[in-house]
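Let's take a walk through this structure, going from strands to core to charged pairs. Keep the viewer open as you read.

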Amino acid sequence: MCGRYRLTAKERYLRDHFGLDEDISCSPRWNIAPTQQIPIVRQHKSEPRRTFDLVRWGLIPYWAKDPSIAKKTINAMSETATEKPAFRDAMRMRRCLIPADGLYEWRKIGPREKQPFNVGMADDSVFAFAGLWERWRDPVGEILETCTILTTQPNSLVADVHDRMPVILKTEDYDLWLDPGITKPALVADCFKPFDAKLMKKYPVSTRLNRPENDDQECAQEVPALATAQTLF
């Protein structure tokens with residue numbers, strides 16, 4: 001799964017990397033957590049331009065009676081998203097890019113302890129998760145836009161930390177993923193392959209990351225790994 005990530009790149013770099021026509025406003029975030037507002041990139045339906053928008057992390061299908069389902073939909077398995085009622089319509093018509101420059105995963109090292117790791121590009125560059133978004137109307141008519149991050153099998157870098165990893169898109173696949181004219185999920189299925197491990201790196205970070213209210217540069221700084229618990233015989 002992907003339950004925490006960061007986005008700290010400068011606004012002008014994000015604008016250029018994602019091919020946005022207008023300047024954007026995006027403060028550095030070092031510890032982004034579910035239910036928070038996060039930026040996504042979408043393709044405008046009728047114009048050849050991309051938009052940079054804030055939506056809530058945790059997808060609420062348009063047909064949901066209440067927003068509680070969002071607790072279970074921060075991620076969607078790419079292998080089954082085309083079949084699941086919560087995601088199948090979005091897979092066809094509401095795909096998006098979710099910008100990031102690092103993600104966090106935890107490795108269990110003892111009965112109660114886990115070591116968090118930062119995972120990102122070898123050159124620390126920005127990248128994009130494959131995302132889906134939805135628009136939900138609450139009982140009083142207010143519109144809430146939400147999203148989810150697709151996951152896939154882990155590459156060799158992530159496999160010793162977690163059995164899933166987010167779908168990270170190649171930059172050359174951005175147009176394909178966002179294309180509103182593509183409504184057959186099979187045509188974007190190649191995007192779900194695990195990202196090349198040789199282009200990535202990971203390192204241990206502080207357990208202060210465990211608390212979402214800790215949102216500063218220290219969350220992503222490399223620290224000595226915690227000792228693995230030893231079994232006594």
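This is a predicted model: local features need pLDDT of at least 70, side-chain atom pairs count only at pLDDT 80 or more; totals for chains, interfaces and linings use all residues.

Start with the open sheet: 5 strands, ordered β2-β1-β7-β8-β13, with antiparallel pairing. At the edges sit β2 (29-32) and β13 (200-204), each pairing on one side only. On average, neighbouring strands here are turned by 25 degrees against each other, direction ignored. Zoom in on β1 (residues 5-7) and you'll find 2 bridges joining it to β2, with Leu7 standing opposite Arg29 in β2.

Now for the nonpolar side of things. The largest core holds 57 residues, and Tyr5, Phe129, Leu150 and Trp177 have the most contacts inside it. Strand β9 (residues 127-137) gives the most to this core, with 6 residues. Leaving aside neighbours within four places in sequence, Phe129 touches a whole list of partners, including Tyr5, Leu103, Ile149 and Val167. There's also a second, separate core of 8 residues, with Tyr104 and Leu209 among them.

On to the charges: the whole structure has 18 salt bridges. In one of them, Arg50 pairs with Asp175, the closest N and O atoms being 2.4 Å apart. Arg50 belongs to strand β4 (residues 50-57) and Asp175 to helix α3 (residues 174-178), 125 residues apart.

Arg164 and Glu79 meet in another salt bridge (2.8 Å, N to O). Both lie in loops, so this pair ties together parts that are 85 residues apart in sequence. Finally, look for a salt-bridge network linking Arg42, Asp53, Arg135 and Glu145.

Note on methods
Residues are numbered from 1 along each chain as its sequence is written. Side-chain values use heavy atoms; hydrogens and water are left out. Two strands pair if DSSP finds at least two bridges between them. Helices (H or I, at least four residues) and strands (E, at least two) are DSSP runs, numbered from the N terminus. Axes are lines fitted to C-alpha atoms, for helices over the stretch in contact, and angles run from 0 to 180 degrees between N-to-C directions. A nonpolar core is a set of buried Ala, Val, Leu, Ile, Met, Phe, Trp, Tyr and Cys residues joined through side-chain atoms within 4.5 Å. Buried means under 20% relative accessible area, exposed over 50%, partly exposed in between (1.4 Å probe, protein chains only). Contact means heavy atoms within 4.5 Å. A salt bridge is a side-chain nitrogen of Lys or Arg within 4 Å of a carboxyl oxygen of Asp or Glu.
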